[in-house]
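Here are some notes for a colleague opening this structure for the first time. Please read them with the structure in view.

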Amino acid sequence: MESPGNVHEAVLIQEDRIKAVGSYGDLCRQAKGDVDMWDLKGAAVFPGLIDGHTHFLQFSLRETQVDLSDCYTLDSALEKIKEGLKNRTGKWLLGGGWDKNQWKEGWPDRQQLDSITADVPAALSSKDGHSLWANSKALELAGIDASCSDPPGGKIEREDNGNPSGILKEKACELVFNKVPPPAIDECLEALKQGMRKAVSYGLTGVHSFEGKSSLRGLCDLHKQGQLLIRFFCGIPEDSLKFVQEIGLTSGFGDSFLRIGPIKIFLDGALGSQTAAMLEPYYQQLNELEKGILIKDPGEFYSLAGSVVDAGFPLAIHAIGDGANRIALNGLAKIKEQTKTENLRHRIEHAQLVAPDDIKSFAILNVIPSMQTVHLKVDQELIDNYWGEERGRYAFACKSMIEEGSELVLGSDAPIETIDPLQGIKYAVFRMGKNMQEALTVYEAVRGYTWGPVYAAGEETGKGTIAPGKLADLSIFFPDFMASPNLIDEAKAIGTIVNGKIVFRC
């Protein structure tokens, strides 16, 4: 991305490319004929903003499911679930967004769901997506009872008598999800179209999305129909590696609108569910808790990661806790020693807490930290409560990553948080007022939504800056918050251009 002081007055677009940048008069002379003019009246034009980490189909489908993200009490959640029962489209009641950290009761249970859902199976994901609240009918369909053992990498929370409480963590969630019928393709297509319309209204020109077969099929269908409004760089879940290999897909396959990217591997859980894998136990006031859940032991991770690299795919490793991040970095160092992976841009997704001695390893190993600063809105209090201030100093260590030489990618983790990039930029800059030594400048935060995702995808020759020959993907905001960070709350997207076409304007 160009330096903060390199500002141009006008941009000339021809078909899908930027033809020239410069003064208004010079570009008018270069145009040599009739052109469509758009006077932005002082608005700021950025290289197309890209969300570096989403679950885009899930985000899109959430609009048709029960959304509990604005429920700050258990009672309000139960009321919203009652409304959702009236409007559900399938046999299951699905949705999520609840946050036990916001509720005085803490974790919910199956009896609370049973009281309003009766024989309708209900499965509601937590806000962080790493825990599931299920009713008795859903547990029954999944075969989860007192005699059911915890699956590897997962945990079934239990009542005193050994019966399941209704809360499942990490891999245990899959026991229920495996029984949920996948959404119909028509449902996926309509949801994706609605999701893209919402994305461009926030100024996004592309996303990196980490999802499986249903999402990939829907995006392929829309691409064939010429209906993709934004560009997709698709990370493939580890359980789909065999599938993509069997049909001959490789990393980099596709075109500028839809490309295959890395294989995503999970190492741990999340802070919100206290399942992120830690080097030392969780801390909550005077109580020391367990160290979270390590979904794969180091040997299992290394074996799978090596297979992915041998197949020619870069790695996108989910690691939130400092323990999981260390295992990820150690494994990548070992892989780098034994295989030639210089052309593969590996990344660690989230990297929320990294031990200070490990931060420099990202740059040394050329591993990209892909972070979601918008989580700070909720997570800062959890950081203080569960990791403590001493460790929490290195949570979301954005500035340290950059200073050590890493290229930072920023994103939202939608639907877990809002897909609005201005919110991610805001929390990267202001950080809830905590640990401001890790705060980014506005320029650095915008770079995390522009050049960072482009670099991670290996697409820097065609995108990431406003320069002649680059694809005409532009995000337009008013007022110009680059001039003053305090204007971020007032700013909004007023236009989005993708491939030279205006896909949103207000």
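**Notes on selected helices, strands and a sheet**

1. Start at helix α15. Its N-terminal end is capped by D420, with a side-chain oxygen 3.0 Å from the backbone nitrogen of L422. Bear in mind that this is a predicted model.

2. How many of the ten residues of α15 are buried? Eight are, so the helix, residues 421-430, is largely enclosed by the rest of the structure. The buried residues are P421, L422, G424, I425, K426, Y427, A428 and V429. A lysine, K426, is on that list.

3. Look next at what follows α15. Just after the helix, R431 takes a positive phi of about 50°.

4. Now turn to helix α4, residues 110-117. Its buried residues are R110, L113, I116 and T117. They lie on the same side of α4, because they cover an arc of only 135° around the axis. As a rule, residues three or four places apart in an α-helix point the same way, because there are 3.6 residues a turn.

5. What do the buried residues of α4 pack against? The helices are α3 (74-87) and α5 (136-141). The strands are β6 (93-98), β7 (122-126), β8 (131-134) and β10.

6. Check both ends of α4. At the start, a side-chain oxygen of D109 reaches to within 3.1 Å of the backbone nitrogen of Q111. Just after the helix, A118 takes a positive phi of about 50°.

7. Strand β10, residues 164-170, includes S165. Is S165 buried or exposed? S165 counts as buried, because its relative accessibility is 10% and the cut-off for buried is under 20%. Beyond its neighbours within four places in sequence, S165 is in contact with D109, R110, E157, R158 and E159. Two of these names have come up already: D109 at the start of α4, and R110 among the buried residues of α4.

8. Finish with a sheet. Four strands make up an open sheet, in the order β3-β20-β21-β22, with antiparallel pairing. Which strands stand at the edges? They are β3 (44-47) and β22 (501-505). Each has a single partner strand, so one side of each is left without a neighbour in the sheet. From one strand to the next, the twist averages 20°.

9. Within that sheet, look at β21, residues 492-498, and its partner β22. The two run antiparallel and are joined by four bridges. Across this pairing, T496 stands opposite F504 in β22.

Note on methods
Residues numbered from 1 in each chain as written. Predicted model: local features only at pLDDT ≥ 70, side-chain atom pairs only at ≥ 80, totals over all residues. Heavy atoms only, no water. Buried < 20%, exposed > 50% of the residue type's maximum accessible area, 1.4 Å probe, protein only. Contact = heavy atoms within 4.5 Å. Arc of directions from axis to C-beta. Polar contact = N/O pair within 3.5 Å; in protein donor to acceptor, adjacent residues only side chain to side chain. Pairing = 2+ DSSP bridges. Axes fitted to C-alpha atoms, helices over the stretch in contact; angles between N-to-C directions.
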